[in-house]
Amino acid sequence: MNRFHSMRPALTLAVVLAGISAHAQQPPAPADGPQIYTVLLQSRAIGQETVAISRQGEGWLVKGSNRLAAPLDVVTRNAEIHYSATWRPARMVIEGTSRGQEVVLRTTFVNGQASNQIIVAGMTTEKIDAVAADTVVLPNAFLGSYAVLARRLVGQKTGTVLRGYIAPQGEIPIRIDGQFAERIDTPRQAIAATRFALTVTNPPPVGDVPVNVWADANGALLRMSVPSQMLELAREDIASAATRTSAFSLPGDETVRIPASGFGLGATVTKPVAATTLLPAVILVGDAGAGDRDGLVAGTPVLGQIAGDLVHAGFLVVRYDKRGIGQSGGRAETSTLNDYAEDVRAVVTWLEKQRKDVDKKRIALVGYGEGAWIAMSVAARDKRVAALALVAAASSSGGDLVLEQQQRALARLTMGEADKQAKVTLQRQINAAAVKGSGWEGVPDDLRRSADTPWFQSFLRYDPARVIKDMRQPVLLVHGELDRQITIDHADRLADLARARKRQPSVDVVKVPSVNHLLVPARTGDVDEYPVLTEKKVSPVATSAIATWLARILG
């Protein structure tokens with residue numbers, strides 16, 4: 001639930017992609033036949049690239065083409081990058097159009113220098129940059145160049161700082177922050193993959209940008225993503241909506257598809273192995289920042305680990321991909337909080353009508369972060385929900401929460417008060433315009449695009465104080481004392497609201513010491529600390545509290 005908009009950096013494709021690199025010389029991998037990759041922006045396919053790697057004499061040739069629609073608006077008719085046998089760049093040529101203008105880029109690499117000839121609409125300029133002898137060449141117009149990066153990453157150690165050249169902008173360092181074994185399930189096969197979590201260091205004002213690259217055991221590129229831009233490159237079979245990337249599984253996981261509003265939700269059902277009687281069921285509803293069924297954030301599968309402990313305690317647990325994510329259909333870009341609530345109700349209906357192993361009178365929801373608000377909306381209108389556990393939930397309205405989170409972020413920045421106040425004023429204008437649908441004058445286009453959405457409008461209008469009045473279920477509030485995304489005081493205010501209900505059903509509060517928003521042990525609890533935390537395990541204090549409370553309430 002950390003989505004305020006005026007603080008998002010306005011990153012350009014040229015800057016973001018300027019920092020990927022590598023330097024260790026790996027043994028030559030087998031040549032790759034032509035591969036087709038889908039390019040997605042904001043979860044929408046905007047084009048494809050064809051990429052092939054082949055031996056050429058004593059070296060290697062990376063060759064491809066693409067056609068990318070607006071807003072990138074790039075057509076690359078021919079891209080060729082020549083490397084030596086030990087993957088040192090020799091020369092490159094890119095020919096195509098960018099926003100309707102003819103562009104040709106020719107680069108040669110000799111004696112630690114990249115010499116560029118840049119021709120745009122018939123006008124020629126030249127540029128020379130210093131580069132490492134074994135830099136990876138990553139032109140903006142050809143994302144398929146990341147196929148070489150994937151090969152270079154295999155065998156590297158976490159913490160290694162690499163080098164790379166984005167022609168013709170310059171060379172920028174990158175750090176390998178982590179390597180994670182994952183499984184990509186496609187309709188045809190399961191692919192063992194390694195996800196490399198990278199930090200690209202761009203020049204100010206952009207700074208560090210996280211990038212993820214997935215490779216198979218041979219170093220073949222499977223997928224690349226820049227989360228801050230919602231930009232993704234995925235091999236054609238992996239780009240399928242039926243594909244799911246998983247870094248977590250539990251014994252007895254059962255993959256299912258649940259009918260929703262005109263599409264299916266990809267989900268996993270897990271229950272105790274030896275269960276023979278009707279079971280109480282728990283539906284896990286995830287946060288905004290992690291829409292997959294395991295709730296993976298910074299290497300921690302929050303929902304997956306909660307599910308594991310609840311199954312151990314005797315519950316049947318459902319965790320699902322949000323619409324438009326993983327193996328779920330639907331479109332995230334047009335969805336509201338109410339739409340997400342209807343998806344949860346579809347899961348309740350499915351449990352009630354299709355599962356013979358579920359006690360229909362004992363169905364509970366566990367909502368985490370934004371998922372707590374979604375779970376509250378479901379509980380307020382659906383009497384089939386018997387109990388409600390809210391984890392890291394906010395008590396203020398969406399509009400107030402956005403401003404609160406912005407103030408907390410601004411307090412950590414070294415900028416003048418006038419500049420800070422200007423950002424607050426802009427955020428207030430964005431909030432008002434998103435709700436009213438007008439008043440966008442003066443708001444930068446990139447900020448308007450990210451804020452002028454059905455989801456953000458519904459988020460700003462959401463007020464838990466109104467919703468909670470219609471809830472009749474017992475409520476448990478679980479909150480990390482070091483949570484800096486939704487601070488601990490929200491738990492107290494939400495408890496007061498819940499206790500003020502007319503029928504006064506039970507309300508319990510559990511504050512977990514020394515854990516952050518992810519329920520993981522932390523030092524400061526700040527968001528920028530997430531990637532460097534070594535312990536990726538949800539606190540058993542939190543999961544035990546949920547399991548014990550549900551067992552008591554559901555009998």
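**View 1. Glutamate 342 is partly exposed in helix H4.** Its relative accessible area is 28%. Three bands apply: buried means under 20% relative accessible area, exposed over 50%, and partly exposed in between (1.4 Å probe, protein chains only). The model is predicted: local features need pLDDT of at least 70, side-chain atom pairs count only at pLDDT 80 or more, and totals for chains, interfaces and linings use all residues. Residues are numbered from 1 along each chain as its sequence is written, and side-chain values use heavy atoms, with hydrogens and water left out. Arginine 345 is partly exposed too, at 24%. The side chains of glutamate 342 and arginine 345 form a salt bridge, 3.5 Å from N to O. Here a salt bridge is a side-chain nitrogen of Lys or Arg within 4 Å of a carboxyl oxygen of Asp or Glu. Both residues sit in helix H4 (residues 337-354), three residues apart, about one turn of the helix. Helices (H or I, at least four residues) and strands (E, at least two) are DSSP runs, numbered from the N terminus.

**View 2. Aspartate 489 and arginine 493 pair within helix H11.** Their side chains meet in a salt bridge at 2.8 Å, N to O. The two are separated by about one helical turn, because they are four residues apart in helix H11 (residues 489-499). Aspartate 489 is partly exposed at 32% relative accessible area. Arginine 493 is partly exposed as well, at 36%. Elsewhere, salt bridges that share partners join Glu342, Arg345, Glu352, Arg381, Asp382 and Arg384 into one network.

**View 3. A salt bridge joins arginine 195 and glutamate 182.** The structure holds 33 salt bridges. In this one, N and O are 2.8 Å apart. The bridge links distant parts of the chain: arginine 195 belongs to strand E12 (residues 190-201) and glutamate 182 to strand E11 (residues 170-185), 13 residues apart. Both arginine 195 and glutamate 182 are buried.

**View 4. Tryptophan 373 pairs with phenylalanine 459 and with tyrosine 462.** The whole structure contains seven aromatic pairs. In the pair of tryptophan 373 and phenylalanine 459, the ring centres lie 5.3 Å apart and the planes meet at 35 degrees, so the pair is tilted. Tryptophan 373 is in helix H5 (residues 370-381) and phenylalanine 459 in helix H9 (residues 454-461), 86 residues apart. Both of these residues are buried. Tryptophan 373 and tyrosine 462 form a stacked pair, with 4.5 Å between centres and 15 degrees between planes. Tyrosine 462 lies in the loop between H9 and H10, so this pair ties helix H5 to a part of the chain 89 residues away in sequence. Tyrosine 462 is also buried. Trp373, Trp455, Phe456, Phe459 and Tyr462 form one aromatic cluster. Rings of Phe, Tyr and Trp (its six-membered ring) pair if their centres lie within 6.5 Å; planes under 30 degrees apart count as stacked, over 60 as edge-to-face and the rest as tilted.

**View 5. Lysine 469 belongs to a positive surface patch.** The patch is formed by Lys383, Lys469, Arg472, Lys502 and Arg503. Patch residues have over 30% relative accessible area and no salt bridge, and like charges are joined within 9 Å. Lysine 469 lies in the loop between helix H10 (464-467) and strand E25 (475-480). Lysine 469 is exposed, at 61% relative accessible area.

View 6. Proline 71 lies in the loop between strand E3 (59-68) and strand E4 (74-83). Proline 168 is found in the loop between strand E10 (161-166) and E11. Most peptide bonds are trans, and most residues other than glycine have a negative phi.

**View 7. Arginine 99 and alanine 392 have positive phi.** Phi is near 50 degrees at arginine 99. This arginine 99 lies in the loop between strand E5 (89-98) and strand E6 (101-110). Arginine 99 is exposed, at 56% relative accessibility. At alanine 392, phi is near 55 degrees. Alanine 392 lies in the loop between strand E24 (385-391) and helix H6 (398-411). Alanine 392 is buried, with a relative accessible area of 1%.

**View 8. Aspartate 294 is buried in a loop.** The loop runs between strand E19 (279-285) and strand E20 (296-297). Aspartate 294 has a relative accessible area of 2%. The C-alpha atoms of aspartate 294 and arginine 55 are separated by 41 Å, and the two residues are 239 residues apart along the chain.

Methods
Patches are made of residues with over 30% relative accessible area and no salt bridge: like charges are joined within 9 Å, nonpolar side chains (Val, Leu, Ile, Met, Phe, Trp, Tyr) within 5 Å. Accessible areas come from the Shrake-Rupley method with a 1.4 Å probe; for residues, only the protein chains shown count as cover. Lys and Arg count as positive and Asp and Glu as negative; His and the chain ends are not counted. The place of a charge is taken as NZ of Lys, CZ of Arg, CG of Asp or CD of Glu.
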